[in-house]
Amino acid sequence: MLEGFVPFPPEFAKRYREKGYWHDKSLAEEFAAVFRQYADRVAFIDRGKAYTYADVDRISNGLALNLLELGLRPLDRVVVQLPNVIEFVFLYFALQKIGCIPIAALVTHGVPGTEMVAYGLDFGGPLSSTQIRAVSSYLRSLEEDAAANPLWRTPLADSNLSGRDLFNMACSRCHGTDLSGVDDVAPALGPGSESVEDSHHRLMTQIADGGDEMPRFGGVLTLEQIEMVVAYLRQVQSGG
Ligand code: HEC
């Protein structure tokens, strides 16, 4: 038993074994039987490719051997940072097979004892799951091949974010949360700034097409969302 782990009360453990719920097998052993029994059935489909149980077994075996070669040992804790992709499944089973302990470090949970606090509402954080999805699709939309990936275009379209939210998420890191600009990074956009004189069209184009140092937001934000951001800029510029 791992140190610090609270064991099941013995009378519960006894009952579960008597009723046949507990087989005293590791997860890897439990899954080995499943992999054998359903070998030819499709277990997962990811990005257009199907994987049978036999595939999952074979690929995770190979990965397990590679992980051992890398120096991982039974009872090592492994923090897996992968999105919802088939590689997560392979890695999860590979870790089970060599007795490593996968730590589920999700954005919602945070990582206790580090600066990565919990973001999910259920775990005491400020964001709903819809908002977390919006943020992670936004991050994906910044990846190099994002423009070619239809799934990552205008990822915030259904997010219900206000002009102010959008500004804080997409613009404030360069222009400052109070629009007062950041030295050597980006100009001020608030009251008294040059951008007060910019036409509506100029603002829309700057945001949609970007500039020398500014990324383009056309394809990331919808046209309506860019309008909302401009309306927010105008509101702050007029002291609102
Ligand atoms: C990576 C930093 C960065 C981000 C993110 C960024 N900008 Fe910019 N922005 C700049 C820089 C640098 C300039 C100066 C000119 C240029 O490089 O295009 C600029 C210029 C502008 C201008 C023209 C200012 C003027 O005086 O005419 C506007 C308007 C603007 N940004 C709005 C936005 C909005 C709205 C967002 C978010 C949707 C945003 N920017 C996100 C860096 C950024």
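Here's a quick briefing on the fold, the domains, the ligand shell and the nonpolar cores of this chain.

This is a predicted model, in which local features need pLDDT of at least 70 and side-chain atom pairs count only at pLDDT 80 or more, while totals for chains, interfaces and linings use all residues. Residues are numbered from 1 along each chain as its sequence is written.

**Fold and overall shape**
- Running along the sequence, you get α-α-β-β-α-β-α-β-α-α-α-α-α, where helices (H or I, at least four residues) and strands (E, at least two) are DSSP runs numbered from the N terminus.
- The radius of gyration is 25 Å, against the near 18 Å that a compact globule of 240 residues would have; that value is taken over C-alpha atoms, and the globule rule is 2.2 Å times the number of residues to the power 0.38.
- The C-alpha trace spans about 75 × 40 × 35 Å along its principal axes.
- Take the contacts between residues at least 6 apart in sequence, and 44% of them join residues at least 24 apart; a contact here is two C-beta atoms, placed from the backbone, within 7 Å.

**Domains**
- Domain 1 covers 10-103 and domain 2 covers 161-237, with bounds from an automatic or database domain assignment.

**Around the ligand**
- The shell holds 21 residues, and Cys171, Cys174, Gly211, Glu213 and Met214 come nearest; a residue is near if its C-beta atom, placed from the backbone, lies within 6 Å.
- Helices α7 (172-175) and α8 (200-209) are the elements that give two or more residues to this shell.
- By class, the shell has twelve nonpolar, four polar and five charged residues, with Ala, Val, Leu, Ile, Met, Phe, Trp, Tyr, Cys and Pro counted as nonpolar, Asp, Glu, Lys and Arg as charged, and the others, Gly among them, as polar.

**Nonpolar cores**
- The largest core has 17 residues, of which Leu166, Phe167, Ala170, Phe217, Leu221, Ile226 and Val229 touch the most other members; a core is a set of buried Ala, Val, Leu, Ile, Met, Phe, Trp, Tyr and Cys residues joined through C-beta atoms within 7 Å.
- Helices α6 (163-170) and α9 (223-237) are the elements that give two or more residues to this core, and α9 has the largest share, four residues.
- Another core, of ten residues, lies apart from that one and includes Ala64, Leu91, Phe93 and Cys100.

Definitions and conventions:
A residue is buried if 20 or more other C-beta atoms lie within 10 Å of its own, exposed if 12 or fewer, and partly exposed in between; C-beta atoms are placed from the backbone.
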